[in-house]
Amino acid sequence: MNRENKRRQKDPGYYRTHRCQEVFTCKVCGRQVVPEGAGSSHRNHCPNCLHSLHVDDRPGDRAACCGGIMEPVGVWVRAGGEWAIIHRCRRCGHLSSNRVAADDNPMKLMSIALKPLALPPFPLERVEELTALMGGEGSLKG
């Protein structure tokens with residue numbers, strides 16, 4: 001074990017201040033993930049399926065003992081227009097936010113972003129009726 005590896009093990013905040021140079025295999029899709037291409041010094045999710053692992057309590061601390069699969073459940077737009085992925089741990093339910101990487105799968109990102117529109121919490125057949133109830137245009141004439 002070299003000096004840098006020992007330092008990583010002892011310093012809980014190591015990844016907050018140092019580049020993550022590790023190559024890993026995605027636990028969900030099985031693809032090998034390399035740090036190059038992320039457009040950032042911190043690769044924390046698979047660019048293909050966008051899944052991650054629950055390894056941090058706070059970004060970069062590697063202090064989480066859960067180790068569960070972090071599933072991409074949503075996206076949001078940060079100030080300045082940068083997109084971020086919302087991950088939820090399948091094991092413990094922990095939520096976290098991660099910046100979108102430059103090489104992330106754009107179709108997967110869009111499908112996550114559009115999911116609330118594709119699966120609204122009400123039947124689409126009732127849109128006109130619900131709009132009328134709110135006093136909006138398209139009120140039902142009766």
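**Strand partners and a buried loop residue**

Q: Which residue in strand 5 is the bridge partner of G74?
A: Heads-up: this is a predicted model, where local features need pLDDT of at least 70, side-chain atom pairs count only at pLDDT 80 or more, and totals for chains, interfaces and linings use all residues. Residues are numbered from 1 along each chain as its sequence is written, and side-chain values use heavy atoms, leaving out hydrogens and water. With that sorted, look in strand 5 for the bridge partner of G74, and you'll find I86.

Q: How many bridges join strand 4 to strand 5?
A: Strand 4 covers residues 69-77 and strand 5 covers residues 83-89 (strands are DSSP runs of E, at least two residues, numbered from the N terminus). The two run antiparallel, and V75 stands opposite I85 of strand 5. Two strands pair if DSSP finds at least two bridges between them, and for strand 4 and strand 5 the count is seven.

Q: What positive phi does G80 take in the hairpin of strand 4 and strand 5?
A: Follow the chain through the hairpin, and there are five residues between the two strands. G80 belongs to this hairpin, and its positive phi is near 95 degrees.

Q: Is W83 buried, exposed or partly exposed?
A: You'll find W83 in strand 5. Buried means under 20% relative accessible area, exposed over 50%, and partly exposed in between (1.4 Å probe, protein chains only). The relative accessible area of W83 is 30%, so W83 is partly exposed.

Q: In what order do the four strands form the open sheet, and which are the edge strands?
A: The pairing in this open sheet is antiparallel, and the order is 3-4-5-6. An edge strand pairs on one side only. Strand 3 (52-53) does that, and so does the other edge strand, strand 6 (95-99).

Q: Which residue in strand 4 is the bridge partner of S52?
A: Strand 3 and strand 4 run antiparallel, with two bridges joining them. In strand 4, the residue partnered with S52 is M70.

Q: Which residue has a positive phi of about 70 degrees although it is not a glycine?
A: Check the loop between strand 2 (32-33) and strand 3. The residue with that positive phi sits in this loop, and it's L50.

Q: Why does L50 count as buried?
A: Remember that L50 sits in a loop, between strand 2 and strand 3. L50 is buried because its relative accessible area is 0%.
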